[in-house]
Every structure is written in C-alpha cells, then in structure tokens.
Amino acid sequence: MNPKELYTERIKTLTDEIIQLNKHNRLVVILELSTIALAIGCIVAFTMWSSIVALVVAALFVAAYVAIRWKDSINSRLSEQKESIRSVYQKEVANLNGDFSEFPSGEQYVDPRHEFTLDLDIFGPQSLFNRMNRTVTTGGSDFLAKELAETRVRSIGEIERRREAIRELTEKESLRTAFLAQGRGKKINTTAIKEALHEVQQLHVSHLAAHQLTYIAAVGSIIVFYGLLAGAIFGPLSGSLPMLWVLLQIMVVYLLFGRTLKRIYQSINIILPRLGTYVSMIMQIVTSDLKSREGRDVIGKLSADEQDALKSFRLLKGIISDLDQRNEVWVPISNALYLADYFIVRRFLLWQDRYMMRIEDWIDAVSHFDALVSMATFRYNEPETTDAELVDTDEVVYEAHGLYHPFLGQKAVRNDFAISDQHYYIITGANMAGKSTFLRSIGINYVLACCGMPVFAERLRVSLFSLFSSMRTTDDLAHGISYFNAELLRLQQLIETCRQNRHTLIILDEILKGTNSLDKLNGSRLFLQSISELPITGIIATHDLELGLQPIATSGTQELSKMEQEPTDRFHNYCFEIQLSDEITYTYRLSEGVAQNQNATYLLKNILKTALE
C-alpha cells in the first residue's frame, strides 16, 4: 500500500475499535451503577435483619465494583491512545491532500538575511518545514529548523549517518506513530522546561536533609512516635506523650524544610503537566532497538547507567506529584505520621545531586529523536524520491536527471541539468515560464541532500559546497532601505559569504531589479564578470535577453552574447521557451539557448481587450 492507503485503512480500523470501546464503556457505567446499588441494598438488608449473608454479598458487590472500575480505567486509557493514534493518521491524510494547517509552519525561523532559507521556502506557510514538521516538542522543532538552515558544509560521513538513521525510522511506522501520538495535546515547551530546570539548579537548598545522620534521626523519630503511640494504646503510657512528640516533629520539620519546599515547588511545578509525556517518550526511545549509529547514540545518551534518564524523570515526577498534593490539612498529618516534608526534600536533594547535570542533555536527546521522526515521516510519505549520490571533491558538482520541485508532486515537469565548477548558467524565459521554480528546485533538493533526506529527482549527483541565493529581496522602509539599496546589500552579503567559503553555488533571480533596463544590464554584466574571479559557481535567471544569445533577424541564426563570448567559456545559456498562438503554452522544459518569446505584452493586450469591450 502507498502511504495514503495505509493511513486511510488504519483510520477505518481504529474508528471501528473506538466505537466498540465506547459501547463497552456505556455498558461498564451501567454495571458500576448496578453493583453499587446492589451493594447498598445488601447493606440495608444487613442493618434490618442482621444477616451475615447480606454483608458477605455486599462485600462481593463492592469487590465487583472495584474490578469493573479498574477495567474501565484500562479501557478509557486504551480509547484515548487509539484516539491519539487515529489523530496522527488523520493529519497525515490531510497532509497528503495538500492541507498542512495542522502542522506548525515555522514562521519564527524566517530570516530575510539567511543565505538561502527565505528564497527557497524553507520556513513559513506551505514551506518545506511546514510539510515536514511533525515534532511534539519545541526542542525537536528547533533541531529540525537548525538542520534545514545549516550553512556549515557537512562531511559525507555525517550525511550518511543521518541518512541511515532516517531510513531505519522510515521502516518503523508503528514506532513513529506511537511517538507522534504523544503530541496530540499542546506541544511540549522545551525552553520553558529547561528554564525551570535551570532555576532548580540555581536553588540553594541546605544539604542537611541529605546527610546520613539526619536520615537516621528521622527514622528513629518515627520509630519513637509509633512506640509511644503503642505504649499509650496498649500500655501504661499517657496519651499526651505521643501527642507532644508529634507536635515537636511537625514544628522541627516545618522550621527546617517548610520554606525550602515552597521554593522548590514554585520552581518546578511548571514541569509536572509534561513529565508523564517525557517518561513515555523516553521509554519508547530506549526500547526502540535502533541499529543505526545515530539512533544508537541517542539511545546511549538516555539509557546509560541502567536507564538513568527514565529513572530521573520518574523520580522527578514523583517528587512534584508529592509537592502538588501538599495542603494545609495534609501537611501536619503527613509530617506527624512519617515526616513527609523531610523525605521530599531528601529525595529532591539526592535527585539534584545525581541527575541535575545530565537532564538537559537528555532533553536534547529527546529533541534530536523528535526531529528524526519528522524527517523519517517525510521520507515515508514520499516513496518516489531517491537518495542523492554524494561526491567527495572540493569542486562544485551538481548533475540532475528528472529533477523537480517537491511542492509540485505528480504534476511536476522534470528536467535534466548539470553544473560544472566555476561555470555560470544564464536562464532566460517569459514570465511564469518556470525559471524561478527551477532555481528553487535546484536549491531545495540540495538542502534535502545535505540533511540526509531523499531528493525529488530520478538521479542526483552532488558534491558538498556552500549555498547562497538572492531571489526575494525586499525593501525596509522602517529603516530607510529602498528596494535597490536592499539588493546591493544582499549582493554585498553574497560576496562576503563567498570569500569565507572555498566553493559556493549562488542562485540569483533577476540581478538589480530595482533600476532601469540599461543600468540593470550593465550592472549585471559587471557583477558576473567580477565574481567570476572568485571560487563561485552560479545560476542566474533573467528577463534580459542581452545577457544571453541575441537573434539576428536577417538570417534567423544566433550570435553569441557578450557574456558567452568570454574566452574562458564559462558562461552558458539555457531557457524556458513558451509557444504563442491563440493561447500561451507553457512547456516548463529547459533547453539550451535564449528564450525567443515573451508574454507580458501578449497578456496585457488580452486584459485590455477584455476590460475595454
């Protein structure tokens, strides 16, 4: 089955199971009410006739009620789990139908000054991140965003390890779905949890409770209390003795630990709602039996020293739960019976000493795995993609067969294209002919390849180099920056970035759009001639046909442009041609040469004709 068929079938199966569970739950409610009513009836019968049989039967009905309630709680949790899993599948079906509204778009990561993310639609609504992101923690979202926006040139080994981890998780559909089901509610705010833990780390708590002597004294005090209580009940001791001892215990514990517990609770109570989810996620990760190197590294961080991460989160959950249950009535009673406040502080101090320094690393490991699940789900949803072939060379290599843009799906027109190191490719074509989409196809598939993700091509062979694009320059009126000035600043940033890297591929769409045609043409030529002296390879889309080949009307042949006449033979012309007749035909096919047909005047005439009729 393809992904959509599998998701649809799972939704149907889960829906049937949920319906059956809901029917069972309604029956359970009837049984609960019936057993309670019968138990009460038996007790009434016992009070009226003093029948021991009625009391025994009442006890049996109470036991039956407890068993039914226990079974009901299990069924309720099972129903919730199935609802969460079904929700995951429903979102994936919506995603495959082109609806990405259920997934965060990553607008917070949009950066106009980034080397390529704005131009290549990496972040924002309908972006690559919006289509890929399934993270259940904000830390996982940050990890995924960092990988997609990485400007550092990775090594082939690093990419291969990532690819291996993604490929393995792609095959574990049940594990991924169970992990994603943890995020049915509000996304876990990793930053807030880290801030709370940082406050906990900064808490200055007296280590008196952690000392062995205080532990012996506390246990001894409890033994003395129960000894005095037993002596007062069964022996000759006065009842005032255990009462005085209890009051002394309560006073000492309150004075020593009351304020400390309040500060601890204020610092870490924000963590409580999500600790159960973290425990479940860590359990899923450490029991996932991953074999890939990166997967084993994540598990190793969480499960070293007999699953310390799982122990730590469970202990912390227990501590916070005990703190959460403290109230004005229960505090004196619990301290009287077993010195509860002392033992809470002691458990916290022991937890802090043993686990505090490592817990942030564990949270980062969960975020890492969270991002890998998103990447693997994206790969699973795109079965027609392929892995890029990575070339170990310092030069720019980009050889694509059947390349297309990942957002276009089945309707995409595929093109072949090859880029040689320090060569420049000038692409001309009419408006809407496919120039910008093609440029973005080249860039976004390279980003995917560098992340260890599959690419949208029949075959893609690439080396590893830095990437810089300039396609969506905007003005900034708030800071007095005009459109043309913004373009110049972007080109200056391009040059500075390229000077810092050994080899860079630049992708430009209409250089110097903010000036007149002749100035734009001369400026574009000057810019390309100047940067050709740097270790730069470039693809430039333009409407300026004079940057490409010029037709000679008398002979119908073509002469070389000024750029292509360069003796270095490093400038090449490609185009997206359109066909003009009664209607415009867009082929979206890349071919050598310069575009001959333009459509702006043609389309404007049609608009004016329609508007003025």
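Tyr 425 and Tyr 574 are both buried, where buried means under 20% relative accessible area, exposed over 50% and partly exposed in between, computed with a 1.4 Å probe on protein chains only. The model is a predicted one, in which local features need pLDDT of at least 70 and side-chain atom pairs count only at pLDDT 80 or more, while totals for chains, interfaces and linings use all residues. Residues are numbered from 1 along each chain as its sequence is written, and side-chain values use heavy atoms, with hydrogens and water left out.

The two tyrosines form a tilted aromatic pair, with 6.3 Å from centre to centre and 45° between the planes. Rings of Phe, Tyr and Trp (its six-membered ring) pair if their centres lie within 6.5 Å; planes under 30 degrees apart count as stacked, over 60 as edge-to-face and the rest as tilted. Tyr 425 belongs to strand 4 (residues 424-429) and Tyr 574 to strand 11 (residues 571-580), so the pair ties together parts that are 149 residues apart in sequence. Helices (H or I, at least four residues) and strands (E, at least two) are DSSP runs, numbered from the N terminus. Ring pairs also link Phe 417, Tyr 425, Phe 438, Tyr 574 and Phe 576 into a cluster.

By this rule, the count of aromatic pairs comes to 22. The rings of Phe 179 and Phe 369 have centres 5.1 Å apart and planes at 70°, so this pair is edge-to-face. Distant parts of the chain are linked by the pair, since Phe 179 lies in helix 6 (residues 173-180) and Phe 369 in helix 13, 190 residues apart. Phe 179 is buried, at a relative accessible area of 0%, and Phe 369 is likewise buried, at 0%. Helix 6 also holds Arg 176, which is buried with a relative accessible area of 2%. Arg 176 and Ala 376 are 200 residues apart in sequence, yet their C-alpha atoms are 8.3 Å apart in space.

The largest nonpolar core has 120 residues, of which Leu 148, Leu 302, Trp 351, Tyr 398 and Ile 442 touch the most other members. Helix 13 (residues 340-381) gives the most to this core, with 20 residues. Another core, of 16 residues, lies apart from it and includes Tyr 424, Phe 468, Phe 527 and Ile 531. A nonpolar core is a set of buried Ala, Val, Leu, Ile, Met, Phe, Trp, Tyr and Cys residues joined through side-chain atoms within 4.5 Å.

Helix 7 (residues 190-202) has 13 residues and reaches 18 Å from its first C-alpha to its last, close to the 18 Å expected at 1.5 Å a residue. The expected span of a helix is 1.5 Å times one less than its number of residues. Within helix 7, Thr 190, Ala 192, Ile 193, Ala 196, Leu 197 and Val 200 are buried. These residues cover an arc of only 165° around the axis, which puts them on the same side of helix 7; the arc is that of the directions from the helix axis to the C-beta atoms. At the start of helix 7, a side-chain oxygen of Asn 189 comes to within 3.2 Å of the backbone nitrogen of Thr 191.

Strand 7 (residues 504-509) contains Thr 504, which counts as buried at 0% relative accessibility. The side chains of Thr 504 and Ser 466 are joined by a polar contact of 2.6 Å. A polar contact is a pair of N or O atoms within 3.5 Å; within protein, one must be able to donate a hydrogen and the other to accept it, and residues adjacent in sequence count only if both atoms are side-chain atoms.

Most residues other than glycine have a negative phi. Asp 289 has a positive phi of about 55° although it is not a glycine, and lies in the loop between helix 10 (272-286) and helix 11 (293-324). Asp 289 is partly exposed, with a relative accessible area of 47%.
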